Amino acid sequence: MENKTLYTITIFSENAVGVLNQITTIFTRRQVNIETLSVSPSAIPGIHKFTITALSETEESIKKLVNQIDKQVDILKAFYNTNDELVHQELALYKLSTEKVLEHGSIEYLVRKYNIRVLEISKDCIVFLKAGHYVETQALFEELAEKIGVLQFVRSGRIAITKSPVERLSDMLAKRSEAEERIKESYNKTNE
Amino acid sequence: MKENDTTNEMITGSEALIRSLIAEGVSTIFGYPGGAIMPVFDALYDCKDRIRHILVRHEQGAVHAAEGYARASKKVGVALVTSGPGATNAITGITDALMDSTPLVVISGQVTSSLLGSDAFQEADVIGITQPITKWAYQIRRPEDIAWAVSRAFYIASSGRPGPVVLDIAKDAQTGKCNFSYEKTIFLRSYEPVPEIDHEQIEAAADLINQAKKPFALVGQGVTLGNAENELRAFLEKADIPFGSTILGLSAMPSDHPLNCGMLGMHGNIATNIKTNECDVLIAIGMRFDDRVTGDLNTYAKQAKVIHFDIDRAEINKNVKADVKVLGDVKQTLPKVTELVKPAKHTEWIESFKPLYDKEFEYIIRNELYPDSGEIKMGEVVNKVAEATHNEAICVTDVGQHQMMGTRYFKFTQPRSMITSGGLGTMGFGLPAAIGAKYGAPDRTVVVFVGDGGFQMTIQELGTIMENNIDIKIVLLNNNFLGMVRQWQELFFDERYSETHLKNPDFVKIADAYGIKGRKVTQRDELDDAIAEMLSHQGAYLLEVVVETKGMVYPMVPAGGNITNIILGNGYKI
């Protein structure tokens with residue numbers, strides 16, 4: 001594990017049926033495990049964004065994998081980054097027993113230390129939310145588990161944006177619509 | 001882009017499918033009916049004058065025939081099958097087409113949309129199964145989506161690096177009514193089939209070539225797929241570059257061209273493999289550095305600067321690192337590079353190939369092609385058939401030893417003359433592919449070489465040949481063994497011949513039962529006469545030649561080995 005680097009793969013696709021399957025089969029064939037996965041509509045209507053993290057010993061193997069994904073007909077663009085090129089975040093939810101929390105006494109120091117948001121308090125349970133990097137959400141989980149006990153815990157896949165000024169997709173779409181006009185024009189000319 | 005075929009009347013999805021196929025210029029399809037595709041076959045019944053349907057005997061045959069058709073004709077091959085087992089029987093052919101970049105549209109019936117996912121009779125998850133083995137796989141659930149999906153399918157299958165597309169059409173989409181309007185797809189924003197030409201790459205390639213003292217070119221099927229044979233020839237001749245071909249690239253240039261040094265790879269010519277590791281600039285043109293070509297990548301062409309021409313970005317640096325990549329369609333990129341290269345002469349370098357060929361001739365070829373005693377050799381038969389067709393025939397092969405003999409010893413004068421299963425190595429490909437090739441190029445002689453193993457994998461297609469009077473010449477090279485596996489057992493498994501001997505039927509009688517003329521040859525002195533009889537016969541003909549039981553294909557680079565460590569057999573060393 002130590003010599004592996006975590007890569008974040010960003011994929012923009014048409015909102016077509018079965019795109020996820022097309023992507024995951026490429027991971028399967030190349031024996032790369034998906035660590036986290038997050039999918040949602042992007043800022044551009046009709047285009048979905050996938051953020052996938054995967055560990056790899058070499059950049060080369062991630063590059064080849066991304067090339068194969070990028071080649072799929074329904075994929076608009078696929079690229080990869082390392083952590084230093086990204087702002088990234090994960091969300092985690094923690095459910096604790098209200099009784100156990102009250103037994104524990106004050107939780108102010110935990111809330112301050114981890115910047116916890118409290119989403120729900122009922123007589124049975126309390127739900128915390130924490131946003132952060134994996135190590136941060138994991139540290140909170142470990143401390144809660146040790147001191148109070150955690151009834152349920154869930155963490156989202158990573159979401160990320162690049163630190164470069166524009167989302168690369170917008171450039172690409174602009175180029176593609178220029179290409180579309182060019183292609184249609186020449187098609188009409190040859191078919192007149 | 002509107003075509004004229006637009007109508008305001010409501011038609012069924014099946015009729016829309018047929019009209020869409022006609023709008024795409026489809027004239028021949030290969031298929032097999034069944035429950036979930038019956039409405040389409042019903043619509044086809046009214047359009048027999050526009051679309052010829054060839055009824056095969058197994059769906060695998062339909063897809064291989066469509067492949068052979070596409071490879072011979074430059075058109076998109078079309079196969080039509082039913083749901084469930086019809087579609088799963090097509091899988092091998094679809095995978096074969098993906099590996100060999102063959103443009104196909106495979107249309108499968110699917111259960112009625114309300115039954116999808118319910119384990120209905122003859123339901124299979126065709127999209128789930130075919131997504132990893134197609135360029136695009138799409139399920140149609142509404143009749144109004146048929147024209148749109150067919151248009152996309154043909155565009156995707158035929159553009160850029162070609163490949164197979166699957167359209168899975170629910171039965172109610174075939175029977176439901178829709179308006180019909182056909183618009184040809186010429187653009188998809190998420191799909192860039194041909195990368196834009198980068199002039200810096202062109203210049204960098206030309207610079208490297210101009211500095212080269214010992215350039216060597218590798219010719220792949222990309223040249224054929226791009227119909228760029230003339231552009232290739234102009235390039236190679238101007239810069240005076242010797243070349244070797246992958247098996248799918250073989251007929252892109254005439255066999256007797258002075259710069260042609262033969263075939264690459266595991267059973268390729270000695271000179272092409274040795275010189276790959278001696279050249280200073282290696283120019284790969286529309287080929288993908290398959291492991292059967294490169295052997296061990298760690299010792300492959302390490303001394304050379306590599307220029308890689310390809311239409312598929314994902315192929316660049318996949319196996320061999322390119323110093324210069326030239327992305328684009330070789331039909332466009334080659335002339336641009338040709339313009340910038342200086343006329344050159346590499347006489348000494350080219351002549352250095354000759355002694356290696358002479359050795360190969362002396363150690364291997366002479367004995368394979370011109371033996372005067374002993375059992376009949378496979379290479380001998382291939383050579384005689386090629387000569388008897390004046391090297392003008394289309395050579396189709398199945399997979400195995402006879403395939404390597406076909407690729408090594410058949411000779412070509414015209415493009416699109418070598419049809420074989422290269423990437424997937426599909427036994428059973430030959431016979432149905434030859435059927436397709438004949439429909440794709442009806443004016444040409446089609447010869448198919450099969451072994452006794454592979455022939456029996458799709459032997460049922462003799463029925464298709466009988467029913468349609470398809471004039472193909474079947475040359476069965478029978479050694480009563482799965483010869484290539486036997487060869488590996490001899491070389492690498494201590495002569496332990498596990499499950500490779502075949503007890504075979506009387507093949508000539510089988511042909512006779514199908515009304516196909518056949519002849520069995522066991523003696524060398526009958527061979528010329530039998531070949532002449534086969535070629536002059538009107539209609540299909542099976543020539544069974546009983547060949548050497550334990551023949552070997554040499555030279556051979558063991559799988560994963562250094563391409564210069566070549567086994568020559570019989571104790572010979574380079």
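This is a predicted model: local features need pLDDT of at least 70, side-chain atom pairs count only at pLDDT 80 or more; totals for chains, interfaces and linings use all residues.
Residues are numbered from 1 along each chain as its sequence is written, chains are lettered from A in the order in which they are written, and side-chain values use heavy atoms, with hydrogens and water left out.

Rings of Phe, Tyr and Trp (its six-membered ring) pair if their centres lie within 6.5 Å, with planes under 30 degrees apart counted as stacked, over 60 as edge-to-face and the rest as tilted. Over all chains there are 23 aromatic pairs. B:Trp136 and B:Tyr138 are stacked, because their ring centres lie 5.1 Å apart and their planes stand at 10°. B:Trp136 is buried at 4% relative accessibility, whereas B:Tyr138 is partly exposed at 23% (buried is under 20% relative accessible area, exposed over 50%, partly exposed in between, with a 1.4 Å probe and protein chains only). In chain A, ring pairs join A:Tyr94, A:Phe141 and A:Phe153 into a cluster.

A charge sits over a ring if NZ of Lys or CZ of Arg is within 6 Å of the ring centre and within 35 degrees of the ring normal.

| Charged residue | Ring | Distance to ring centre |
|---|---|---|
| B:Lys275 | B:Phe353 | 5.6 Å |
| B:Arg486 | B:Phe481 | 5.8 Å |

In chain B, helix α9 (residues 199-211) packs against helix α14 (residues 330-340) at an angle of about 50°, with the axes 9 Å apart.

Key. Axes are lines fitted to C-alpha atoms, for helices over the stretch in contact, and angles run from 0 to 180 degrees between N-to-C directions. Helices (H or I, at least four residues) and strands (E, at least two) are DSSP runs, numbered from the N terminus.
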